[in-house]
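Hi,

Here's the structure I said I'd pass on.

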Amino acid sequence: MLAELSPALIAEVQRAAKILADKKCICILTGAGVSAESGIPTFRDKQTGLWENYAAEDLATPDAFARDPKLVWSWYQWRRQLVADKTPNPAHTTLAQWQQHAANNHQQLTLITQNVDDLHEQAGSTVTHLHGNLWQNRCSQCDTTYENHSNRLANSKNDMVFDEDLITCQHCGGYIRPDIVWFGEALPVQAWQTAEEAAANCEVFISIGTSSLVYPAAGLAQLAKKNGAIIIEINPNPTPNTIVDITLAEKAGIIMSLLMQKITALSSIQPLL
Ligand code: NAD
Ligand code: ZN
């Protein structure tokens, strides 16, 4: 696999590893691209099957739910079915190992995600979710939270059934919706505060698998840069992020595996105490 990487890209990964190996405070923001190698489509991928005539951005909004709750609920049940049997890829597992390594070496590595899947947690990471949790629901009227019952009743992920019928709140009768931050909605206060603090105080900010189009999350890199951080971006495709110091233009799983190998090698020469 490494043979396919250009010498220039390998040299850039080495440069990133050298910068990262002696830093005490690192902030990492992940987006849908980090889960792409696990088989979960990003919002920029074309939708398939029944949903191919819809844009994700037109379904993940409060207006869409107000207009046609059944349509939006069905889409989320379909997405849950799609994600249910997916497992972490090397990008998730490497990030979890790195977090462990950092904790053992008195480094602070804060992981923030825009993703609503739980693949970072499945890999063993501690992660702050900016955009909510695909496996939780809440009432669209009174905000009471509900666990996604299909998730809990099933013996295994393959047994899960995602019923497309709308369900209503047992307190107020309002429609139950996914507990996800839709386009145009405010981010959870505590999660956003954690993200802002980590971005403002880090020495290196790494953006992985995000198009950098969705604000306010996309502004975290700018906040980090303003406070003197070095910015690294991992994404096979270009983004509008113009403040990047090191671009690693390959899939997250490939780059993270190589980066971790190089950081580990450097750390064994210079133990991080
Ligand atoms: P996005 O869909 O806007 O962009 C995905 C980015 O990932 C693109 O820039 C693409 O070039 C890059 N990418 C694709 N494959 C990659 C790979 N193997 N390695 C690294 N990068 C890769 O996603 P976004 O920036 O996260 O923002 C859109 C919104 O999409 C977020 O609010 C998020 O909640 C939601 N979303 C989440 C999931 C999920 O939870 N897995 C999936 C789809 C969308
Ligand atoms: Zn209610």
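A quick definition to start with: a donor here is an N, O or S atom within 2.8 Å of the metal, and water is not among the atoms, so sites may look incomplete. Also bear in mind that this is a predicted model.

First, the metal site. The zinc ion (ligand 2) has Cys139, Cys142, Cys169 and Cys172 as its protein donors, each through SG, at 2.3 to 2.4 Å. Along the sequence, those donor residues follow the spacing C-x2-C-x26-C-x2-C. Cys139 sits in strand β4 (residues 132-139), while Cys169 is in the loop between α7 (149-153) and β6 (176-180), so this pair ties together parts that are 30 residues apart in sequence. Both Cys139 and Cys169 are buried. As for geometry, the angles among the four donor atoms run from 96 to 118 degrees, and the site of the zinc ion (ligand 2) comes out tetrahedral.

Now the largest pocket, which holds about 870 Å³ of space. It is lined by 48 residues, and Gly31, Ala32, Thr42, Phe43 and Asn115 are the closest to its centre. Where does the largest pocket lie? Domain 1 (1-40 + 88-131 + 186-273) and domain 2 (41-85 + 133-180) both contribute residues to its lining, so the pocket lies between them. Helix α4 (residues 69-84) gives the most to that lining, with three residues. By type, the lining splits into 25 nonpolar, 15 polar and eight charged residues.

Cheers

How values were computed
Residues numbered from 1 in each chain as written. Chains lettered and ligands numbered in written order. Predicted model: local features only at pLDDT ≥ 70, side-chain atom pairs only at ≥ 80, totals over all residues. Heavy atoms only, no water. 1 Å grid on protein atoms, 1.4 Å probe; cavity = no way out; pocket = protein on both sides within 12 Å on 5 of 7 lines; lining within 4 Å. Points joined across faces, edges and corners; volume = space filled by probe spheres on them. Helix = DSSP H or I, 4+ residues; strand = E, 2+ residues; numbered from the N terminus. Nonpolar A, V, L, I, M, F, W, Y, C, P; charged D, E, K, R; others polar. Domains from an automatic or database assignment. Donors = N, O, S within 2.8 Å, 3.2 Å for Na, K, Ca; no water. Tetrahedral: all angles 85-135°; square planar, octahedral: opposite > 155°, others 65-115°. Buried < 20%, exposed > 50% of the residue type's maximum accessible area, 1.4 Å probe, protein only.
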